[in-house]
Amino acid sequence: QVQLVESGGGLVQPGGSLRLSCAASGTIASISAMGWYRQAPGKQRELVANIVRDGTTNYADSVKGRFTVSRDSAKNTVYLQMNSLKPEDTAVYYCNLLSKDWTLKTIESWGQGTQVTVSS
């Protein structure tokens, strides 16, 4: 079992910043990738950013240059620093973890979601 606890969402004005955090705990032998997806009303869930085992980061085109994903491996925690926020960034943001347990079984886990609203 893996648990993901997210924090940091909220209401912010256009141009503002927010920082999301996601801490993972439970049966985790290794982490393959950790990151963030988002889902806006009436739209499909999409990858925002992630960081893989070797430190490589991936970003959606719409957030490149504005968002930064990082991690604290010792704490099994991933962060998403969001700057220059736009109304179109409004969505529920979900933490995602791809890990292996001690039997080397791959497990995909999701956080409960945190609302980010960008509005004046």
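Tutor: Happy to. The protein has zero helices and 11 strands, and this is a predicted model. Read along the sequence, the pattern is β-β-β-β-β-β-β-β-β-β-β.

Now to the core itself. The largest nonpolar core holds 29 residues, and those touching the most other members are Trp-36, Leu-80, Met-82 and Tyr-93. At least two residues of this core come from each of these strands: S1 (2–7), S3 (18–26), S4 (30–39), S5 (46–52), S7 (67–72), S8 (77–82), S9 (91–100) and S11 (114–118). In soluble globular proteins, nonpolar side chains tend to be buried together.

Leaving aside residues up to four places away in sequence, Met-82 touches Gly-16, Ser-17, Leu-18, Leu-20, Arg-66, Phe-67, Tyr-93 and Val-116. One of these partners, Tyr-93, is also among the core residues that touch the most other members.

Of the contacts between residues at least 6 apart in sequence, 54% join residues at least 24 apart. The radius of gyration is 14 Å, which agrees with a compact globule because one of 120 residues would have a value near 14 Å. The C-alpha trace spans about 50 × 25 × 25 Å along its principal axes.

As for charge, the mean positions of the 12 positive and 9 negative charges lie 2 Å apart.

Definitions and conventions: Residues are numbered from 1 along each chain as its sequence is written. This is a predicted model: local features need pLDDT of at least 70, side-chain atom pairs count only at pLDDT 80 or more; totals for chains, interfaces and linings use all residues. Side-chain values use heavy atoms; hydrogens and water are left out. A nonpolar core is a set of buried Ala, Val, Leu, Ile, Met, Phe, Trp, Tyr and Cys residues joined through side-chain atoms within 4.5 Å. Buried means under 20% relative accessible area, exposed over 50%, partly exposed in between (1.4 Å probe, protein chains only). Helices (H or I, at least four residues) and strands (E, at least two) are DSSP runs, numbered from the N terminus. Contact means heavy atoms within 4.5 Å. The radius of gyration is taken over C-alpha atoms; the globule rule is 2.2 Å times the number of residues to the power 0.38. Lys and Arg count as positive and Asp and Glu as negative; His and the chain ends are not counted. The place of a charge is taken as NZ of Lys, CZ of Arg, CG of Asp or CD of Glu.
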